[in-house]
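My entries follow in the order I made them.

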Amino acid sequence: MSVPSSVHSLSDLQADNSFAALPAAFYTRLTPQGLNNPRLLHANADAAALIGLDPSAFSTPEFLQVFSGAQPLPGGDTLAAVYSGHQFGVWAGQLGDGRAHLLGEIKGPAGGWELQLKGAGMTPYSRMGDGRAVLRSSVREYLASEAMHGLGIPTTRALALVVSDDPVMRETVETAAIVTRMSPSFVRFGSFEHWSSRRQPDMLKTLADYVVDRFYPECREASAGEPRTDAAVYMNLLRAVTRRTALLMADWQAVGFCHGVMNTDNMSILGLTLDYGPYGFMDGFRLGHVCNHSDTEGRYSWNRQPSVALWNLYRLGGSLHTLVQDVEGLRAVLDEYEAVFTRAFHDRMGAKLGLAAWRPADEPLLDDLLKLMDANQADFTLSWRRLADAVLGQRSAFEDLFIDRASAAAWLDRLLARHQEEGRSAQDVADAMNRVNPLYVLRNHLAEEAIRAAKTGDVSEIDTLMTLLRNPYVAQAGYERYAGLPPDWAGSLEVSCSS
């Protein structure tokens, strides 16, 4: 059946609901708890296009009703999924969608997209939570997913942001909001851990087969001369997820992004950035930067993210052991992670340095820059962006970011000498660097300004950020402050697990 390129009503969208077709033990069907007197604060035309929905639908009563949790998605099948997981390295047992409701899956022009409300009330998996989200965290997630997409980093997307005056208690009393998230799938590492921990291999196999058939069909292709056994398929699945996760970590590290809560239940089986809570793009660089105020041990610091991802993959591999029964084979697959990550990280960082090709001898050049940035707490985004200016002769643009200007100048001499070895023109090098070193990222203070404006119903800052973050590599005249150093008050901003 062909999918229309654009429709003007939610009722005209084509529902699929593949996850809802799994056995009932995978979820609980339930009705969201809608907001009182909801208001559509913002809607995302780019995300709507993914499901073939025309922006004219945003102004319809139906759109507000569905995405405020008041009525079901036409053709959908509303549910909350169950999963388990490790949180801060400790087994937490059963978790699940404690404040998320999967409305259904829509077949769009480029594939299926699940639509999920975050903040639409309690579910059987809420534990001690209230099932709500607040405007502050919802604006942050709405903007972050689009910022990551603009950077070319795999991520869930955000369709709509609905607000209300309903009170929600966090550290203080805040107001309620619901963000509509979109993803081809919300299955997590913890989804596999759930059935493995319960010693239900039949359910684990059902989940693995669903994920393979829906998202990794290539895993069923047998290598020449090898039988196509189920064990080989699930080994291929682990290999594919390992590769995607390694590439995602390289992406995060290259832009100074810290997730904040890399629990196994927050790790996407598709290698997407999932569950934006206490995330942050670094301002002043610290190798051990911790963006989550609740992470008192620094488990999820910037420099630990790649190793934590591997630790999480080991938990996934352990879950699949029930189906594979080959410990050495699983370990061999997981051992591939380091090489994939390292190669991708070097490729990305080499491009950021303006190198046409990474060489092993470039490692000290990169390491020394990171150490220099760490010692001076130089701004992460601007240190990389201004390297292009330095290549074109404006050395002070880069050196001014460092307290130890002499060391910065000496390091810059080494970089320029390395460029000369490759023989490209300074302009070509600078242009290439600006294509991979963003000018605009979602700094905490920019998100905070958007939140403060949104509390008064003003969406102008959200509009501006959405525009800039969709094309973060190109300078826009008149928006210089969005690409500048953070104000002094930004240093006092904190985000935690309640964010």
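I noted that the model is a predicted one.

I placed Asp283 in the loop between strand 13 and helix 7 (305-324). Is Asp283 buried or exposed? Its relative accessibility is 18%, and buried means under 20%, so Asp283 counts as buried.

I then went to Gly329, which sits in helix 8 (residues 327-334). Gly329 is buried too, at a relative accessible area of 16%. I also checked a pair distance. Gly329 and Ala232 are 97 residues apart along the chain, and their C-alpha atoms are separated by 9.7 Å.

**Entry: domains**

I looked up how the chain is divided. Domain 1 covers 10-186 and domain 2 covers 190-350. Their C-alpha centres lie 23 Å apart. The contact takes 36 residues from domain 1 and 39 residues from domain 2.

**Entry: the active-site record**

Which residue does UniProt list for "active site"? I found Asp265, in an unreviewed entry. I located Asp265 in the loop between strand 12 (257-258) and strand 13 (280-281). Asp265 has a relative accessible area of 6%, which is under the 20% limit, so I logged Asp265 as buried.

Next I listed what Asp265 touches, leaving out residues up to four places away in sequence. The list holds Tyr83, Ser84, His86, Gln87, Leu95, Arg188, Gly190 and Asp275.

**Entry: the binding-site record**

For "binding site", the unreviewed UniProt entry lists Asn266 and Asp275. I found that Asn266 from this set is part of the lining of the second largest cavity.

I placed Asn266 in the loop between strand 12 and strand 13. Asp275 is also in the loop between strand 12 and strand 13. Asn266 is buried, with a relative accessible area of 13%. Asp275 counts as buried at 13% relative accessibility.

Asn266 is in contact with Arg188, His259, Val261, Leu274 and Asp275. Asp275 is in contact with Arg181, Arg188, His259, Asp265 and Asn266.

**Entry: cavities**

How many cavities of 30 Å³ or more does a search of the whole structure find? I counted five.

The largest cavity has a volume of about 120 Å³. It is lined by 14 residues. Phe19, Ala81, Phe186, Val187 and Ser191 lie nearest its centre. I sorted the lining of the largest cavity by class: nine nonpolar, two polar and three charged residues.

The second largest cavity holds about 50 Å³ of space. Its lining includes Thr245, Leu248, Trp252, His259, Asn266 and Met267. Ser268, Gly271, Leu272, Thr273 and Leu274 are also in that lining. By class I found five nonpolar, six polar and no charged residues there.

How values were computed: Residues numbered from 1 in each chain as written. Predicted model: local features only at pLDDT ≥ 70, side-chain atom pairs only at ≥ 80, totals over all residues. Heavy atoms only, no water. 1 Å grid on protein atoms, 1.4 Å probe; cavity = no way out; pocket = protein on both sides within 12 Å on 5 of 7 lines; lining within 4 Å. Points joined across faces, edges and corners; volume = space filled by probe spheres on them. Nonpolar A, V, L, I, M, F, W, Y, C, P; charged D, E, K, R; others polar. UniProt positions renumbered as here; feature names shortened; annotations may be inferred. Helix = DSSP H or I, 4+ residues; strand = E, 2+ residues; numbered from the N terminus. Buried < 20%, exposed > 50% of the residue type's maximum accessible area, 1.4 Å probe, protein only. Contact = heavy atoms within 4.5 Å. Domains from an automatic or database assignment.
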